[in-house]
Amino acid sequence: VVVTTSAPPVAAITASGPTTFCQGGNVGLVATRGNGFTYRWYRDNTRLSNLAPNQDSIIALTSGVYRVVVIIPEGCSDSTASGILVTVKNKPQPPVISRPTTAPGWDSLFTNIRNQGNITWFFNGSPLQGGQDGVLRMVNNGIYQALQDSVGCQSDLSNAILYQCSVVILNHPSNQNAILNQNIQLNVLASLPNLNYQWQSD
């Protein structure tokens, strides 16, 4: 009688990147590979039954302890006893931004998250410098948004505020050609209140 013995496989899991990440991220987990090997994957001791028997890698999207049982063609098996811990951190809620409609502060934006130093402002989709305490003075016409960063995770973008400040000079009288030494009255129509003006001529 010839007795043949086979050495059991050594089950191990290798992560493709950090196993702690923010909501919406993922990490690849790869088991010990070999010809004819089959696998049983577990998360928190519950088998992931929707996987093919020969699937030697998975993408982890949720928190938990992942283990794998590796089986060679001869039937011998080994499992990762301790497993590998995956931690998914929740994204913070996006801030809510608002703008006063009267002076003072009509040209400033405020978030409902203040003085935490974790606010990033965006102008027309590009990040801006400053305003991390939750207050930003608007300078240019365009669309302003914000997000917050908490425990290394960024929120989605906030609601958008469109800033439009326009100044139009109205001539009076309509004839712009003045006789020498004759005064012409110029009026300003502005889209925002309480502005200061500096007049210049050619």
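Q: Which residue does Leu 109 stand opposite in β14?
A: That's Leu 136. Keep in mind that this is a predicted model.

Q: How many bridges pair β11 with β14, and in which sense?
A: Three bridges, in the antiparallel sense, with β11 covering residues 108-111.

Q: What order do the strands of that open sheet come in?
A: The order is β10-β11-β14, three strands with antiparallel pairing. β10 (97-98) and β14 (135-137) are at the edges with a single partner strand each, so one side of each has no neighbour in the sheet.

Q: OK, over to β3. How many bridges does β3 make with β6?
A: Four, and the pairing is antiparallel; β3 is residues 27-31. Leu 29 has Ile 58 in β6 as its bridge partner.

Q: And which β6 side chains are buried?
A: Ile 58 and Ala 60, which point to one face.

Q: Now cysteines. How many disulfides turn up in the whole structure?
A: One. Cys 22 and Cys 153 form the disulfide, with their sulfur atoms 2.1 Å apart.

Q: What does the Cys 22 and Cys 153 pair tie together?
A: Cys 22 is in strand β2 (residues 20-22) and Cys 153 in strand β16, so the pair ties together parts that are 131 residues apart in sequence.

Q: Left-handed or right-handed?
A: Left-handed, because the torsion about the S-S bond of Cys 22 and Cys 153 is about -95°.

Q: Are those two cysteines buried or exposed?
A: Cys 153 is buried at 0% relative accessibility. Cys 22 comes out at 21%, so Cys 22 counts as partly exposed; buried would need a value under 20%.

Q: What about Cys 76, how accessible is that one?
A: Cys 76 is partly exposed, with a relative accessible area of 25%.

Q: Switching to aromatics: how many aromatic pairs are there in the whole structure?
A: Two. For Phe 123 and Tyr 144, the ring centres are 5.0 Å apart and the planes are at 50°, so that pair is tilted. Phe 123 belongs to strand β12 (residues 119-123) and Tyr 144 to strand β15 (residues 142-150), so the pair ties together parts that are 21 residues apart in sequence.

Q: And what's the geometry of Tyr 144 and Tyr 163?
A: Their ring centres are 6.4 Å apart with the planes at 80°, so the pair is edge-to-face. Tyr 144 in β15 and Tyr 163 in strand β17 are 19 residues apart, so this pair also links distant parts of the chain.

Q: Which residues form the aromatic cluster, then?
A: Phe 123, Tyr 144 and Tyr 163 form one cluster. Phe 123 is buried, Tyr 144 is buried at 3% relative accessibility, and Tyr 163 is buried at 4%.

Q: Which ring does the charged end of Arg 67 sit over?
A: The ring of Tyr 42, at 5.2 Å from its centre.

Q: Last one: where does Ser 155 lie?
A: In the loop between β16 (153-154) and β17 (161-163). Ser 155 is buried, with a relative accessible area of 6%.

Q: What does Ser 155 touch?
A: Leaving out residues up to four places away in sequence, Ser 155 touches Pro 92, Gln 93, Pro 94, Pro 95, Leu 147 and Gln 148.

How values were computed: Residues numbered from 1 in each chain as written. Predicted model: local features only at pLDDT ≥ 70, side-chain atom pairs only at ≥ 80, totals over all residues. Heavy atoms only, no water. Buried < 20%, exposed > 50% of the residue type's maximum accessible area, 1.4 Å probe, protein only. Helix = DSSP H or I, 4+ residues; strand = E, 2+ residues; numbered from the N terminus. Pairing = 2+ DSSP bridges. Contact = heavy atoms within 4.5 Å. Disulfide = S-S within 2.5 Å. Phe/Tyr/Trp six-rings, centres within 6.5 Å; stacked < 30°, edge-to-face > 60°. Lys NZ or Arg CZ within 6 Å of the ring centre and 35° of its normal.
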